[in-house]
Amino acid sequence: MAASRHELMSDDERDAGVGGRTGVGLATKPESKTAKPALYKVLMLNDDYTPMEFVVLTLQRFFKMSIEDATRVMLHVHQRGVGVCGIFTYEVAETKVNQVMDFARQHQHPLQCTMEKE
Ligand code: TYC
């Protein structure tokens, strides 16, 4: 589906109104009222020891994936070395990384999970 005109506009253009003249709004008006939060990718890393079933279970439990999606992501990580589990705000991403690392440690698996700015 093609992007709408509205979706293609910058915040400045929206602030100026549809078809408005960018950059000629009132000097007192903020450029945008809705600052978007920074986003972070949560990454899963491959290793030689963690069982595939454990990785699938981890993706289902902490990232709410179906068994099909979890298996797809696990196999991607197994084959490519790294894969994206999801994209979140900083605090949510940090919580997910900690949950995965704690879960792996409890089960004595070397599974590693990390985050990086998008
Ligand atoms: N490479 C592991 C194995 O062969 C499976 C695995 C997949 C481990 C993904 C970690 O993030 C991972 N048992």
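A polar backbone atom of Asp47 sits 2.7 Å from a nitrogen atom of the ligand, a polar contact, meaning a pair of N or O atoms within 3.5 Å. Taken alone, the ligand exposes 350 Å², and the protein buries 88% of that; accessible areas come from the Shrake-Rupley method with a 1.4 Å probe, and for residues only the protein chains shown count as cover.

This is a predicted model, in which local features need pLDDT of at least 70, side-chain atom pairs count only at pLDDT 80 or more, and totals for chains, interfaces and linings use all residues. Residues are numbered from 1 along each chain as its sequence is written, and side-chain values use heavy atoms, leaving out hydrogens and water.

| Residue | Protein atom | Ligand atom | Distance |
|---|---|---|---|
| Leu45 | backbone N or O | oxygen | 2.8 Å |
| Asn46 | polar side-chain atom | nitrogen | 2.8 Å |
| Asp47 | polar backbone atom | nitrogen | 2.7 Å |

Now for the wider shell. Residues around the ligand include Met44, Thr50, Val77 and His78, where a residue counts as near if one of its heavy atoms lies within 4 Å. Strand S1 (39-45), helix H3 (52-63) and helix H4 (67-80) each supply at least two shell residues, and H4 gives the largest share, 3 residues. Helices (H or I, at least four residues) and strands (E, at least two) are DSSP runs, numbered from the N terminus.

Strand S1 also holds Leu39. Leu39 is partly exposed because its relative accessibility is 35%, between the limits of under 20% for buried and over 50% for exposed (1.4 Å probe, protein chains only).

Note on methods. A polar contact is a pair of N or O atoms within 3.5 Å; within protein, one must be able to donate a hydrogen and the other to accept it, and residues adjacent in sequence count only if both atoms are side-chain atoms.
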